[in-house]
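Colleague: I have not looked at this structure before. Please take me through one part closely, beginning with the place where the chains meet.

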Amino acid sequence: MKTRYTEEHEWVTKNDDIFTIGITDYAQDQLGDIVYVQLPQTDSEINKGDDLSVIESVKAAGEVKSPISGVVLEVNEELDGEPELVNESAEDSGWLCKIKCINDSEFNALMDAHQYQAFLRKLS
Amino acid sequence: MENNFGTEHKKTTLHSRHVKAGAKMIPFAGYKMPVSYPSGIIQEHQHTRKHAGLFDVSHMGNILIEGEYCAEHMESLLPTDMINFPLNHLRYSLLLNKQGGIIDDLIVIRTNPQKFILTVNAACLEKDLEHFTHHLGNQLNISKVSGKTLLALQGPESASVMHRLGQDTSDMGFMTYQKMNLADITCSVSRSGYTGEDGFEISVEDCFADQLASSLLADERVKWIGIGARDSLRMEAGLNLYGQEMNESLTPLDAGVFWTISKSRRPDGERPGGFLGFESIFDAVSKPQKKRLVGLVPEGRSLVRTGTILTDAVDTRIGYVTSGGYSASLAHPICLAIIDSEHAAIGNTIYANVRDSHRAATVCSLPFVKHRYYRVPDNL
């Protein structure tokens, strides 16, 4: 199991052909208090770059574009009642959805943890 | 620090204190201001409704106007009854243009028969000064006041916090003003604010700002609150924000603040009109009202943001959201909106165009959260 990151502050964890997607701790901190998470339909087909989720905080709405292509297997239904989970645990229990994808080339092209940390340092 | 236009942002005297408290600082009206502290906007909002929130609002502008026949002269610009304006009281007023549009909203304090102190929006300070000077510069002394810090203490425990600092404020009603000592510091205090709660706005010389903030924060019921929660609190209280609910092409009727025109200055009053813009406003009053400021509760939980276009059931544009956000007290989205009067009945359903969908929203009465201003009890 390994995790990769995007410049839009999403994380993707690979577990065989299932990819769990969420936003990074940096992203949740930038958004502030999250009050609503709009999740994709399960079984929907998603292409890389498609709208995956909208995360609304008191301050702003963050649109999450899918970092990979595939079929939505599962969404984090906990977020429906507890959107603040994304603030509390962005990179764990605040995950957004799981996507099944046979080809991992899109995943492999993303930044690893080390590269993402370097990317964050450049931002500050 | 620089903004997008390359000009430097001003800092309030307490800037480094906010940074030390972990605030996120953002550019706001030419200043670097704390938008929120580590606890976040929702908790800050709820803290203010339950306890006492402390806001640095030193970015607000202050103008001093004085001279002979000050009240009479000021009536040529402000729609407020300036003549029968009790000493040491505050009035919420408007600066209007010739067309009756709103140049700014402001708080006026009468500290002396010939002297008024005005608190204006930071972003409007220079144009307000120019406006007053252009119209009244020959008759009155008009000057910008600087070197002061303004702290707002807001929430149901505010009066008890003041009491602990040595001041019993039980005889001080909402919208009144007093000079007093707080923790041995001379302060100018008004019982006012912009959250809908009881509270105080405390003006102090910059050199005592840090000491006063420390004294206030020494009370565990007092917490720093950022401008993020200030905005959601005022929205719940149905209070207008200049640049959103009010601008130079909206009249007091459009913006729901016709009440700021004192009874004596209205068409049927003893000194009707006489202020800049009154002809346009009186003309509008005599006709059916075109637009109206309303509250909206959108269906669902996704927020409807400022600027969202509003339509009727057949997709005709009827207005827009002037302020949209999240009500931390009610735990659902809320909006202030200016819409065509024919759609403004309480309970009416209109539609918000959000991300290519039409979200139903119900027109509701304002405020969303009841005001809890302090009235002096009859037996005092």
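Modeller: The contact takes 9 residues from chain A and 11 residues from chain B, where two residues are in contact if their C-beta atoms, placed from the backbone, lie within 7 Å. This is a predicted model, in which local features need pLDDT of at least 70, side-chain atom pairs count only at pLDDT 80 or more, and totals for chains, interfaces and linings use all residues. Residues are numbered from 1 along each chain as its sequence is written, while chains are lettered from A and ligands numbered from 1 in the order in which they are written.

On the side of chain A that touches chain B, strand S4 (residues 34–38) of chain A gives the largest share, 3 residues. Strands (E, at least two residues) and helices (H or I, at least four) are DSSP runs, numbered from the N terminus. That side of chain A divides into 4 nonpolar, 2 polar and 3 charged residues. Here Ala, Val, Leu, Ile, Met, Phe, Trp, Tyr, Cys and Pro count as nonpolar, Asp, Glu, Lys and Arg as charged, and the others, Gly among them, as polar.

Chain A has 5 helices and 9 strands, in the order β-β-β-α-β-β-β-β-β-α-α-β-α-α. Its radius of gyration, taken over C-alpha atoms, is 13 Å, close to the 14 Å of the globule rule for 124 residues, so chain A is as compact as a globular protein of that length. The rule is 2.2 Å times the number of residues to the power 0.38.

In chain B, 6 strands close into an antiparallel barrel in the order S15-S18-S17-S16-S19-S20. The twist averages 40° from one strand to the next, with axes as lines fitted to C-alpha atoms (for helices over the stretch in contact) and angles running from 0 to 180 degrees between N-to-C directions. Strands pair if DSSP finds at least two bridges between them.

S19(B) and S20(B) form a hairpin with 2 residues between them, and B:Arg355 in the turn has a positive phi of about 45°.

S17 (residues 317–327) and S18 (residues 332–340) of chain B run antiparallel, joined by 8 bridges, with B:Ser327 partnered by B:His332. Helix H7 (residues 227–236) of chain B lies across S17 and S18 of chain B, at about 120° to S17(B).
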